[in-house]
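I opened this notebook to record what I looked up in the structure. The entries follow in the order in which I made them.

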Amino acid sequence: MTDVISEQELQALRVRIDNLDERILELISDRARCAEEVARVKMKELKEGESPVFYRPEREAQVLKRVMARNQGPLGNEEMARLFREIMSSCLALENPLKVAYLGPEGTFSQAAAMKHFGHAVISVPMAAIDEVFREVAAGAVNFGVVPVENSTEGAINHTLDSFLEHDMVICGEVELRIHHHLLVGETTKTDKITRIYSHAQSLAQCRKWLDAHYPNVERVAVSSNADAAKRVKSEWNSAAIAGDMAANLYGLTKLAEKIEDRPDNSTRFLIIGSQEVPPTGDDKTSIIVSMRNKPGALHELLVPFHNNGIDLTRIETRPSRSGKWTYVFFIDFVGHHRDPLIKDVLEKLAQEAVALKVLGSYPKAVL
Ligand SMILES: O=C(O)C(=O)C[C@]1(C(=O)O)C=C[C@@H](O)C=C1
């Protein structure tokens, strides 16, 4: 009897869900038609020689923040924003499908970061090296690139910082990704006979203590990427790989142990590079490169204008210079947009003291 009643209850709920889905479907289609209209207006307003700007990171940040502010549950803010991220991604693809280069191969955390930032409707293009991502963007072969810039456990990604010295790029966004590593095996792996564990050197370092505790005598082999590690285990019965969810799914591997990173807050920050300046949203960050004269107190001089104006520095990194002129170079991130009057003032003061100063870009703070 109770079975019949709960079956009826279930039926009624499914009818409600079907009705809601129909309404959601209509609303999403309405939204998509609106985006098509937006594209038409953008094309209409173009002046001679201008090309349309379909992707608007400042607007996307605003849409996602609004969704999060209005959300009343039961779905969490991040979950709800993730759904809207995908809807917007599909709407943008209707206007103009974006091409995004990332540090490949398929299944890397860089690809996961690209999907988190742009949604799944973009065309993602794997590159063999960070420098190639920069070159692909510079050549106009893709609209944007996604490159890792710092990891909370292992620090700065120097290849990325150095590439900024060589290429003229605009930073148009940032995305932070929680990095969860898993120990992965294939169908043919003999799990009690593992003699080798493959992963990228950074990931092996991020799981060092776990490996010492669980596989102290197993050979650790550093390969070019986690995705490459995952690919190798498919055909080796005595090997395992350390990689993330994307690589596990892509290569059909099983998790022998989940979330094995030593620090539970392990995350990587990625930058979105392109050629498009992003207008202020009121909640932005700016990245600059500055080189100072090689004299005592140079770093102090550099920091004083920020301190005096109460500007929040979020990161400072030093790299060796590439030429005689660039004796040493500072990469600085701070809160604010380079068009804000206060920030403009500080940058002008800084430019007077510096050998060279380059604004890499102002962009909305990561929302997701
Ligand atoms: O508002 C715009 O300019 C749009 O193109 C619409 C829209 C959206 O779907 O909301 C789509 C893509 C842009 O990156 C930002 C927003």
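The model is predicted. I began with arginine 33 and aspartate 30, which both lie in helix α1 (residues 2–44), three residues apart, about one turn of the helix. I found their side chains joined in a salt bridge, 3.1 Å from N to O.

I next looked up glutamate 95, which forms a salt bridge with lysine 42, with the closest N and O atoms 3.4 Å apart. This pair links distant parts of the chain: glutamate 95 belongs to helix α3 (residues 77–95) and lysine 42 to helix α1, 53 residues apart. I noted that glutamate 95 and lysine 42 are both buried.

I then turned to glutamate 150 and arginine 269, whose side chains meet in a salt bridge of 3.0 Å, N to O. Here strand β3 supplies glutamate 150 and strand β11 supplies arginine 269, 119 residues apart. Glutamate 150 is partly exposed, at 22% relative accessible area; arginine 269 is buried, at 6%. Both belong to a salt-bridge network that also includes Glu174, Lys285, Arg315, Glu317 and Asp333. For the model I recorded a count of 26 salt bridges.

I traced an open sheet of four antiparallel strands in the order β13-β14-β12-β15. Its edge strands are β13 (313–320) and β15 (356–364), each pairing on one side only. Neighbouring strands are turned by 15° against each other on average, direction ignored. Helix α6 (residues 158–166) packs on the sheet, touching β12, β13, β14 and β15, and its direction makes about 80° with that of β13. I counted seven bridges between β12 (residues 284–291) and β14 (residues 328–335). Lysine 285, a member of the network above, has valine 335 in β14 as its bridge partner.

Which residues touch the most other members of the largest nonpolar core? Among its 23 residues, I found these to be Leu98, Val100, Phe118, Phe144, Val146, Leu177 and Phe270. Two or more residues each come from β1 (99–103), α4 (109–118), β3 (144–151), β5 (170–178) and β11 (267–274). The largest share, six residues, comes from α4. I looked up the contacts of phenylalanine 144, which include Tyr55, Leu98, Val100, Phe118 and Ile272. A second, separate core has 21 residues, including Ala101, Phe134, Val147 and Phe164.

Notes
Residues are numbered from 1 along each chain as its sequence is written. This is a predicted model: local features need pLDDT of at least 70, side-chain atom pairs count only at pLDDT 80 or more; totals for chains, interfaces and linings use all residues. Side-chain values use heavy atoms; hydrogens and water are left out. Two strands pair if DSSP finds at least two bridges between them. Axes are lines fitted to C-alpha atoms, for helices over the stretch in contact, and angles run from 0 to 180 degrees between N-to-C directions. Contact means heavy atoms within 4.5 Å. A nonpolar core is a set of buried Ala, Val, Leu, Ile, Met, Phe, Trp, Tyr and Cys residues joined through side-chain atoms within 4.5 Å. Buried means under 20% relative accessible area, exposed over 50%, partly exposed in between (1.4 Å probe, protein chains only). A salt bridge is a side-chain nitrogen of Lys or Arg within 4 Å of a carboxyl oxygen of Asp or Glu. Lists of a residue's contacts leave out its neighbours within four places in sequence.
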